[in-house]
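Subject: Structure handover

Hello,

Here is the structure I said I would pass on. Please look at the sequence and the model side by side, then read the notes below.

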Amino acid sequence: MNWKAHISSDPAILFGKAVIKNTRIPVELILEKLGSGYSFEELLEAYPRITKDDIRACLLFASDNSKHEKVLSVAK
């Protein structure tokens, strides 16, 4: 699956945050809810405009972005 088919970023929508396309639902919100224990079914019920593929795309987006993240070591 190509997450880019489900996620967009537009400076005119939520200051350019990544959102599920054709919604104002930020990717970070979906990730936070998944991390808090929400199931796909609970998310689909709470946000009827999204699909399972949208939720999967959020996970792939996070995975892809973490692969390209630079981590700096801080010496103590």
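Phe15 counts as exposed, because its relative accessibility is 84%. Exposed means over 50% relative accessible area, buried means under 20%, and partly exposed is in between, computed with a 1.4 Å probe on protein chains only.

Some ground rules come next. The model is predicted, so local features need pLDDT of at least 70 and side-chain atom pairs count only at pLDDT 80 or more, while totals for chains, interfaces and linings use all residues. Residues are numbered from 1 along each chain as its sequence is written, and side-chain values use heavy atoms, with hydrogens and water left out.

Phe15 sits in the loop between β1 and β2. Its phi is near 60°, a positive value in a residue other than glycine. Asn22 also has a positive phi, near 65°, and is placed in the loop between β2 and α1. With 69% relative accessibility, Asn22 counts as exposed. For background, most residues other than glycine have a negative phi.

Now the chain as a whole. It has three helices and two strands, in the order β-β-α-α-α along the sequence. Both kinds of element are DSSP runs numbered from the N terminus: helices are H or I with at least four residues, and strands are E with at least two. The C-alpha trace spans about 45 × 30 × 25 Å along its principal axes. Of the 76 residues, 26% count as buried. Among contacts (heavy atoms within 4.5 Å) between residues at least 6 apart in sequence, 37% join residues at least 24 apart.

Helix α3 covers residues 52–67. Its 16 residues should span 22 Å at 1.5 Å a residue, and its end C-alpha atoms are 23 Å apart, which agrees. The expected span is 1.5 Å times one less than the number of residues.

Which residues of α3 are buried? They are Asp54, Ile55, Ala57, Cys58 and Phe61. These residues cover an arc of only 155° around the axis, so they are on the same side of α3. The arc is taken from the directions from the helix axis to the C-beta atoms. What covers them includes β1, β2, α1 and α2.

Ile55 belongs to α3 and counts as buried, because its relative accessibility is 0%. Leaving aside neighbours within four places in sequence, Ile55 is in contact with Ile30, Leu34, Phe40, Leu43, Leu44 and Ile50.

How do α1 and α3 pack, and at what angle? The angle is about 95°, with the axes 9 Å apart. The two helices are therefore roughly perpendicular, a label for angles of 65 to 115 degrees; under 35 is roughly parallel, over 145 roughly antiparallel and the rest oblique. Axes are lines fitted to C-alpha atoms, for helices over the stretch in contact, and angles run from 0 to 180 degrees between N-to-C directions. Val27, Ile30, Leu31 and Leu34 in α1 meet Ile55, Cys58, Leu59, Phe61 and Ala62 in α3.

Last, His6 lies in the segment before β1. His6 counts as buried, because its relative accessibility is 17%. Its side chain makes a polar contact with the side chain of Asp54 at 2.8 Å. A polar contact is a pair of N or O atoms within 3.5 Å; within protein, one must be able to donate a hydrogen and the other to accept it, and residues adjacent in sequence count only if both atoms are side-chain atoms.

Regards
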